Amino acid sequence: MHDLTIAQLAEALRARKLSAAELTRHYLDRIAARDGELNAFITVTADDAMQQAERADRRLADGTATALTGIPLAHKDIFCTSGVRTSCGSRMLDNFVSPYDATVVARLNDAGAVMLGKTNMDEFAMGSSNETSWYGPVKNPWDTARVPGGSSGGSAAAVAGRLAPAATGTDTGGSIRQPAALSGITGIKPTYGRVSRYGMIAFASSLDQAGVLSVTAEDAALLLEAMAGFDPRDSTSLDEPVPHYSAEIDTPWEHLTIGVPDNFFDEGLDAANAEAVRAALAELEKLGATLKTLHLDHVHLSVPAYYVVAPAEASSNLARFDGVRFGYRSPDAEKLDLASFYKRNRGEGFGPEVKRRILTGTYVLSAGYYDAYYLKAQQVRKLISDDFAKAFREVDLIAGPTTPTPAFLLGQKTNDPIQMYLNDIYTIGANLAGLPALSMPCGFVDGLPVGLQMVGPPLAEAKLLKTAHWFQKVTDWHRRVPPGYE
Amino acid sequence: MDWEVVIGLEIHTQLATKSKIFSGASTAYGAPPNTQASLVDLGYPGVLPVLNGAAVEMAIKFGLATGCTIARRSVFARKNYFYPDLPKGYQISQYELPIVHGGKLDIVLDDGTVKTIGITRAHLEEDAGKSLHEDFHGLSGIDLNRAGTPLIEIVSEPDMRSAAEAGAYMRKIHTLVRYLEISDGNMQEGSFRCDANVSVRRRGDPSFGTRTELKNLNSFRFVEKAIEVEAERQIDVLESGGRIVQETRLYDPDRNETRPMRTKEEANDYRYFPDPDLLPVVVDDALIERIRAELPELPDAKRERFIAEYELPADDAAILTGQRPLADYYEAAVAATKARPKAVANWVLGELTGALNRSGLDITASRVAPAQLAALLDRIEDGTISGKIAKEVFETLWDEGGDVAQIIESRGLVQITDSEAIEALVDDVINAYPDQVHQYRDGKTQVLGFLVGQVMKASRGKANPQQVNKVLRARLDAPPS
């Protein structure tokens, strides 16, 4: 069963060849058998999943089913799930049981999807390797000595290891696309505001966006059309109609001009990776796309701009985690004065990467530094955004590598934050500009998957998904399964 | 040495919206702790603020009433600091781009001159919760019912030069926000509170002295007293060769002194930055014009109209227009009676205000309705009762309610206007007080008042005083028969 796509599973469910209960049980068994090795899940909600599956079977029987009814999914543990621990990968929220569902979760529940559990992630989504999690690192199913990428590393590993047909993720600087690339699956980060952020624990509010990690672009389309849309509880969500993505991807191929930024093929890009990406671009050309080399003038500033804006917002967003109303409270904190109470709870509740970013963010917002850092970074952000806007007057999509290298070894970059941050060098631009972007498997280097990233203008999700779908019709990189997980 | 005090005020006014500024929770006062705090107010993980449009409209209303420029685009910012009654670890406020700025307000000084006070800006923000330090045995309790209540912070220019001016300005703002019905202005419940920036300088010095900020002054009297003692303190420091430290101070009303707040609390760097969870507030002309059209007549205009239309003295007009419900009451009574507007004013400011004060009631809870007062005044006007009797009837109306005509009837209070009856009463008094009559006829005419009083007394107040006067005078002035 786990070699079928969501589209195929949905067909089997509707044809009653398969029950949601059977399907859910199958995935729960796989998780039980294989997740000890991957550590992709923080919480497995087996009982709830079986109950949801039974409800899904009733809907499938009484004709009220949607395309996702009975489809098992995993949610990144950043999405609040009513009655279920929502940890955000942090000791700070290890004891936090959310009293409500995130909009993304509620919409997928309403569609009849089955939640298998909550996936591991970098603490508060801060990381590119899933090594900052309080619950331990996630292993890449392609090579368990390597990272799956992050911060949606648990979702990526779960989908790559076929422990879930698809999973939700969030992407602030590449946290869906980078792990999708390193784990050999498809991942889409929609336009900023396309999917509601309500109930998604904030890292950097102006950059955070929920999306999907799946095996195929077609599956991503099915999920995204259920998740996306205006939410009155998120003022930054876009009040735009949601296209029928899963239908749009099958419309006839239309001519596309794809821009290829020369500065994405820089000295930081691994040569073998570059080769795989160029081959994929040639494949798109064969499909009828026109490639056009272009230059994004300021994109090289995206990492430094990002590491000012994101920590600044994070330092404020994470202030609510103080041990007063919920979350971690140090056992002896109540004996302390107020300032020490905060310091103890936060000092023990947060891990080192989160602290680093809170400190960075606090610094860049401080009196006397605000103009030099935060304001300057916002100006750079505008320049980067303008570069993309200019490029999209000439091309339909922009394509290039998702990451500089394939999956790296666990521990390889943990002591060098700059090297770790540079892993997101190609993905961050789309977040700064609020643009939709997708990563899909496009080859292998030494048995490790390589991702091709495509970025579109605002609300071009359908075009991205369609291009990926057509690419996936003529390639099979995305169908490859890590050895041992077939 | 001649010193001048320089004062600017920051007034926090709670807006009278039904729900909070960023959540749907109720803003009603006095509920059990933490029963009016939604997940948004509690700062739960993942929740997001959604702006209450009613709060924006109220802020615009204030801006239009004070001649402010309404920002077509204003921005919410986060003010970051840690405190247990601040659930998110930041307060959502407005910083660089407030909703309104650059207005002014006229105040009337004691000598009757008018002074214009500049309004720098008024911005929207959310209130924090409350920390309760008693009753928890070494711990603090937190009540987040107030967290997220909408406020406008009204910042004045440093235009005031005395505690009295500051008091007048604060009262004027208080009157205005209640006129506009954007705040209940309830100071006991904390709906209207003030911080004062105070400095002193030698008269004639063009530059300002170093200022201190007096926090959380929640009555007009405290504002005035706090400013007075703080100015005195600063003058003492400077005259003894000291230096003023820029700091935040608290006023202690029991000891009538100001004290510095703990320095820890003012060492905050608030790290303001635009709140990425909220879009800029965009206001278009149509909205501004709709709100402008809905503005009520403002206190100054109403006062001028009362003076012109009702021929009232400026003082009467100022008091009557000081509260919109009082002005409304007055106008309703004037419209319903034949009595002169000035007579109505005397009654409203005299008997009615006295009765309200004795009962501790607000004009909106008056036990005598404008129509009842009007009916009473009509009976004076048509001579049915005297002013004195009318006061008795008013007391009865206040205490027991009822109908004016019925009270007059049932208690036999109708004025004696029958000439023969009055003449008989007058004759009785002349006979009873021969000495006084003699004095009068000897030229000590001031004794007339005594004799009138005796006649009134004999009639139990019901005789028409003008008639009594006239008859008595005629009798006394006539040559003795």
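Two strands pair here if DSSP finds at least two bridges between them. With that in mind, let's look at chain B of this predicted model. Strands 6 and 7 of chain B make a hairpin, with 5 residues between the two strands. B:Gly112 sits in the turn and has a positive phi of about 90 degrees.

The pair, residues 100–108 for strand 6 and residues 114–126 for strand 7, runs antiparallel and is joined by 8 bridges.

Step back, and chain B shows an open sheet of 9 strands in the order 2-6-7-10-1-11-12-13-14, with mixed pairing. Strand 2 (69–70) and strand 14 (257–260) are at the edges with a single partner strand each, so one side of each has no neighbour in the sheet. For strand 14, there is antiparallel pairing with strand 13 (residues 248–252) over 4 bridges, and B:Asp252 stands opposite B:Glu257.

## Where the chains meet

The contact between the chains takes 33 residues from chain A and 23 residues from chain B. On the chain A side, the elements that give two or more residues are helix 10 (302–317) and helix 12 (352–365). Helix 10 provides the largest share, 3 residues. By class, this side of chain A has 17 nonpolar, 9 polar and 7 charged residues.

How values were computed: Residues are numbered from 1 along each chain as its sequence is written. Chains are lettered from A and ligands numbered from 1 in the order in which they are written. This is a predicted model: local features need pLDDT of at least 70, side-chain atom pairs count only at pLDDT 80 or more; totals for chains, interfaces and linings use all residues. Two residues are in contact if their C-beta atoms, placed from the backbone, lie within 7 Å. Ala, Val, Leu, Ile, Met, Phe, Trp, Tyr, Cys and Pro count as nonpolar, Asp, Glu, Lys and Arg as charged, and the others, Gly among them, as polar.
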